[in-house]
Amino acid sequence: MEKGGAVRCQRIGCDASFTEEDNADGSCRYHDSPIFHDGMKEWSCCKQRSHDFSLFLAIPGCKTGKHTTEKPAVTKVSPNPQKPIVPVSQTIKNDATCSRCRQGFFCSDHGSQTKPSNPVLLPCLKDNAEKDKPAPVKKRINLNEIQTCQNKGCGKAFKEKDNHESACEYHPGPPVFHDRMRGWKCCNIHVKEFDEFMNIPPCTKGWHNADPS
């Protein structure tokens, strides 16, 4: 980490920006690994749980420490000791200070963000998987909770009570990379340099959205 440069903490439940100078003990609040079982999401460290994934991620961290740029490997933990622990995501070889890696784009310098492959289920297992799916639940929103907009080109913090149909400026996309040119299909602007691409002004207004697309 470059001295004085602000980077994003990679601990689960934190995701705050910090610098080396302000990274004191207790400045980071985070969780240990989550547990997923029968549609319920639970933090193994504080036992707080929720059926809704967005509300689950919004539960404040119960542990404190220093911020870190090392991304933890998240595992799916089964409360039944007879069942094996199945990894649901892999440690991503990326650079938290790199704008390409942080935005989820392919980066030749630090490697692409790899997603775990979907397992192939036998017909009988597929039927069981469909039966085990939890019934959809209505999302409960705390109007005063500070959330981060996930729309491309926005990334601003907002409260749901202040959200409205023109609060967000973003790119509906998709991004276009072709013949060393980078741009957005939505506004038909293309540039050569990646930094210029990241600075293309948003072309659309709408509602802030805290759910990753």
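Reader: How many bridges join strand S5 to S6, and how do the two run?
Author: Two bridges join S5 (residues 40-43) to S6, and the strands run antiparallel. Strands pair if DSSP finds at least two bridges between them, so with two bridges S5 and S6 count as paired. Within this pair, Glu-42 stands opposite Arg-49 in S6.

A word on the source: this is a predicted model, in which local features need pLDDT of at least 70, side-chain atom pairs count only at pLDDT 80 or more, and totals for chains, interfaces and linings use all residues. Residues are numbered from 1 along each chain as its sequence is written, and side-chain values use heavy atoms, with hydrogens and water left out.

Reader: What makes S4 and S6 the edges of their sheet?
Author: The open sheet has three strands in the order S4-S5-S6, paired antiparallel. Strand S4 (34-37) and strand S6 (49-50) each have a single partner strand, so one side of each lacks a neighbour in the sheet. As for the term strand, it is a DSSP run of E with at least two residues, while a helix is a run of H or I with at least four, both numbered from the N terminus. The protein has four helices and 16 strands.

Reader: Why is Asp-179 called exposed?
Author: Exposed means over 50% relative accessible area, buried under 20%, and partly exposed in between (1.4 Å probe, protein chains only). Asp-179 has 63% relative accessibility, so it counts as exposed. Arg-180, at 76%, counts as exposed too.

Reader: What is the phi of Asp-179, and what is that of Arg-180?
Author: Asp-179 has a positive phi of about 50 degrees, and Arg-180 has a positive phi near 65 degrees. Neither residue is a glycine. Most residues other than glycine have a negative phi. Asp-179 is in the loop between S13 and strand S14 (181-184), and Arg-180 lies in the loop between S13 and S14.

Reader: Which residues make up the largest nonpolar core, and what makes a set of residues a core?
Author: A nonpolar core is a set of buried Ala, Val, Leu, Ile, Met, Phe, Trp, Tyr and Cys residues joined through side-chain atoms within 4.5 Å. The largest one here consists of six residues: Trp-184, Cys-187, Val-191, Phe-194, Phe-197 and Ile-200. Leaving aside neighbours within four places in sequence, Ile-200 is in contact (heavy atoms within 4.5 Å) with residues including His-171, Trp-184 and Cys-187.
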